[in-house]
Structure formats: C-alpha cells, structure tokens
Amino acid sequence: MNDPEKGMSTDTSKAVDPPPVGLDDDHEQGLGKGELQVIRIRDGSSLLRKLRQAEVWMDRKLRIEGMGAERIPENERKPPRMMLFWFSMLMSPGLLTMGILGPIFGLSVNESIILSVFASCIGSVIPAFTATLCAPLGLRQIAASRYAFGIWGSKFCGLLNIIVNIGFGTINCIVAGQLLSAVSGGSLTIVVGIVVVCVGSFVISFFGFRLIQKYESVAWFLIFIFLCVEFGQSAKYFSPTPGLSYVSGSDRTGAGLTYFAIVFGEAAAWCSMTGDYYVHYPPDVNKWLVFGMTWMGLALPTIFVLILGNYYGGIVNTNETLSQVYDDGGIGALILATMEPSGWAKFVCVMYALSFLANLTAIIYSSSLSIQLWGKHFLAVPRFVWNTLLTAIALGLAWGGRDHLETILNNFLSLLGYWTICFGGVLAIEAFWFRPRLGGYDKEGWQDQSRMPLGLAGCSSLALGIGVSFLGMDQTWYVGPVAKLIGSGGDLGNEFTLVAVALSYPILRQLEIKHFGR
C-alpha cells in the first residue's frame, strides 16, 4: 500500500471537474439516489441553477473548489500532508488565553503545565480516531456520523459542530483584534482586527480545499519561530515560584478538574471536523497512520502553546504591573509588553494576528459543509453561499463579544468536552463493535433514509450523556450537585458523560438493530 505521507503524489495542480449541472443517462448510472435528488432540486430552481453555473465557472477559471459535502469518488482524491495542516491550525496565540486560566484558577504554573500535557494528549485521541472514518467512506465527518446517529440525528450533530466552530472562531477573532489594538497603542479598535481576520479567512475558505491545504501546510512555520523567541524574551518575567499554588485542599482539586476539562474540551472539539480533510486519502489508507499523524498534529502544537500560556498565567499572578496590562488590554497587550525592542514586538503581534487566518479558514470551511448536510435542499446550495453567511455570523459575534473574552472562555470551552465525548464515544462503539457485525458500511446509501439507521440509539445516548453531565458540571451559570462537593467547584462533567455513553449506547443500539434491522 502506498504511504500517502511519503510515496503518493500531493500535487493538486490539476483541477477536478465538478459534478455536472444537468443530467444525462451516463451520469445517472454513476450517481446514487440522493445525488440525483440534489441535482434535480438544483436544476428545478432558476436561482440555484445560476448559482451552480457560477460555481462551475469559478472552478474552471479561478480554481475555486466546485464540490461541497458530496461523496468524493476514489479517482478524484489527492491526499495532502495532514500533520502540518493541524500545526497551522493550532500554532497561534489563541491557546495562550486558555493556558493563562490554569494559574488564574489558583493552580501553580507547574501543575498547570502537567494538566495541559495530559489533557491535550487524552483529548486529542477522540479527533484522531474520528479522522480514520472518513477516507474509507469518502464522506465528511458529519456525513459519516449518519451511520450511528441516522440522517436526522447527524443534522443535530452538524448544528453542534457549527456552534463549536463558530465559538472558537469568535475567540480567535477577538484575540486578533486585541493584538492589533495593542500594536497601534489603542488608536485602532479591536474591531479592526476582527474584520481583517474574518475577511482574510473568508477569501481563503472561499477558494476551497486546494488552496486551504496548501496554505495550511506552510503557515505554521514562521509562527513557531516567533513563539520560540517569545518563550526566550518573556522568560525574565516568569513567576519566581512556579511551584506555588494559590489554592489548597479540595479547592485545589476542583480548580485542577475544571482546568483539565477546559483543555480536554478544546483538544477533543476537533472530532466533528477532522475527517473533513481526509476524504482525499485512498480508502485503504492505513488507519494507524491517519490516527498517528492527526494525534501528533493536534497534541504537539496544543501543548507547546498552552505551556507558554501557563507561564503567562504565572506572570499575571506575580507581576502587578503586567497584570494590570493584561486586565486593560488582554493577551495582545501582555505579549507586546514582554517582548522587545518595540518594533520587533509590534511586527510579531501583527504576524500573530494574521496567524488566526489558518484556524478560522478551516472553521468556516467545515461549518459550511455541516450546513450542506442538513438536507438535500441545503446541499443544492453552493458551498460559497454558506461560507459567506458563516463569515458574517462570526464577524457579528466577535464584534458583539469583544469585551467579554474571559467570560466566553470560562463558559464555552468547558462545555465542549461533554458533546465531543458523546459524539466520539458513539462513533467508536459503532465502528469497533456493531459495524463488523453488520457487514460494514453501506457507502452508496448515505443519503437514503431507508438504508441508514434511524439514529434512535445514537441520539438517545447523546441526550443522556449531555443530561448526565449536569451532575458534574462546573460553570459560572450552573454548578452541578456533584461538582459542589469538590471545594469551590470541580468539573466532572466529562467523566459522567463518558460513563453514560459507554453504558447506554451498546444496549440501545442492540435494541435498535433488533427491531429495525439497521
């Protein structure tokens, strides 16, 4: 078997012709029932037909991707180098805002670093696994979830995926705005950075997979160098007592659990989109290869940036002057204050702000695919229309929430782990236990309701897992009864969710197969 990381060509210079605008007998023979319905819906509307014609023209003339969430045929796949793709996604100062939270919660810098490493390594297992499902099917991640959650259940998963993605995008836009505002000395508002990142990401995502994978394969390297320099220049401000905790006893345990949940949730949250970028790999690609390069691509940069964030948290706790800088201008002002000379610091901050393009680009692209998978009528609308809508939403949310970054972090990131454990857990049990007994996956029936599972088991386990998480949840707006028992609060929502899914899905899925046969 060819190794797509070494032996297979990654040339994407030849454009792949998009599916035909019209239908003829030859095309009908190569398409499934669902694909035929989508094309007929598109051809039945003059507006959709014109939009599709525009998409085909842009694909041929401007090399803008002419496909959306459709199944990728094996003869049209050109695998990219994915480990570097994830490096570009995560090698940015956005994770610094999360790393700071450990010491802010009262943990020592050393304790925060240990938790960052373990939570990142464990959380990255979930998206690394889900990435292995898509190349054999030729389907995007949310489409692949139909084999466990059913067509209707996967639509809800797609909605959650969009919420998670746009939440991350909002955070990144705000941090980019803080960086540019700090560089300008406050003469530019945070809004300017938000607009720059949103518009730039929209342009790249508009062109689609070919440009995205080329950009993401190189965007990480310069930022990695800057972060290494930042480690060195900010070291003189690091906490002189990195082993000192500001909480003790059960409060310390609770702070550790809550910080672990936040980091775990961030690392695991990519599970609903990692497979989107592996559909161009051959169906017989080694799954351990896909798992390994995804896990390393996610875990390594996450740990690297989080550790720097942990040290910055120590600075905030021990340096009164820089703590005030952080309170007034956020992470952007803090980075600027710890680097020198000022011209170099400003240049690095501008590059950091632009680094968020890599992250937001993939977020907008994958979210647009999730919208298309809400139904055949959504799939009939070209991807670039949904890209435009999602960019506008991200812009509006970041604009409105620009003064509440820490609140968004505390209340949003912890919630990610609950849903991702449900999603990844259900797909894992389905893949390893039920699909071998059902004869594998029905690749051609992915859009046919009569051939897909009803999704009763998957949706019930998802609802149960999220419901049970409230017992151990520790949020600003709600603290579960079990979380209250751990000092001032400790998040155990992930643990409760995992147990609920592991116990409920096998039983419910067995009953679903027994009564409905699929």
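**The α14 and α16 packing**

Guide: Helices α14 and α16 lie roughly parallel to each other. That word covers angles under 35 degrees; over 145 is roughly antiparallel, 65 to 115 roughly perpendicular, and the rest oblique. The model is predicted, so local features need pLDDT of at least 70 and side-chain atom pairs pLDDT 80 or more, while totals for chains, interfaces and linings use all residues. Numbering starts from 1 along each chain as its sequence is written, and side-chain values use heavy atoms, without hydrogens or water.

Two packed helices are described by the angle between their axes and the distance between the axes. For α14 and α16 the angle is about 30°, and the axes are 11 Å apart. Axes are lines fitted to C-alpha atoms, for helices over the stretch in contact, with angles from 0 to 180 degrees between N-to-C directions. Helices are DSSP runs (H or I, at least four residues), as are strands (E, at least two), numbered from the N terminus. The α14 and α16 crossing is left-handed: the near helix is turned anticlockwise from the far one by less than a right angle, whereas clockwise would be right-handed.

Now the side chains. From α14 come Phe-224, Leu-227, Cys-228, Glu-230, Phe-231 and Ser-234; they meet Phe-304, Val-305, Ile-307, Leu-308, Tyr-311, Tyr-312 and Ile-315 of α16. Contact means heavy atoms within 4.5 Å. By class, this contact has 11 nonpolar, 1 polar and 1 charged residues. Nonpolar means Ala, Val, Leu, Ile, Met, Phe, Trp, Tyr, Cys and Pro; charged means Asp, Glu, Lys and Arg; the others, Gly among them, are polar.

Aromatic rings join the picture. Ring pairs link Phe-87, Trp-220, Phe-221, Phe-224, Phe-231 and Phe-304 into a cluster. Rings of Phe, Tyr and Trp (its six-membered ring) pair if their centres lie within 6.5 Å; planes under 30 degrees apart are stacked, over 60 edge-to-face, the rest tilted. The whole structure holds 25 aromatic pairs. Trp-86 and Tyr-277 make an edge-to-face one, with 6.0 Å between centres and 85° between planes. Trp-86 sits in α4 and Tyr-277 in the loop between α15 and α16, 191 residues apart. Trp-86 is buried at 0% relative accessibility, and Tyr-277 is buried at 0% too. Buried means under 20% relative accessible area, exposed over 50%, and partly exposed in between (1.4 Å probe, protein chains only).

Trp-220 and Phe-224 form a tilted pair, because their planes stand at 55°, with centres 6.1 Å apart. They lie 4 residues apart in α14 (residues 219-234), which means about one helical turn between them. Trp-220 is buried at 15%; Phe-224 is partly exposed at 29%.

For contrast, take another pair of helices. α11 (residues 146-183) packs on α20 (residues 383-400) at about 55°, with axes 9 Å apart. That angle makes α11 oblique to α20. The crossing of α11 past α20 is right-handed. The contacting residues include Ile-162 and Ile-166 of α11 and Leu-390 and Ile-393 of α20. Its residues divide into 9 nonpolar, 1 polar and no charged.

Last, the setting. The protein has 23 helices and 0 strands. Buried residues are 58% of its 518 residues.
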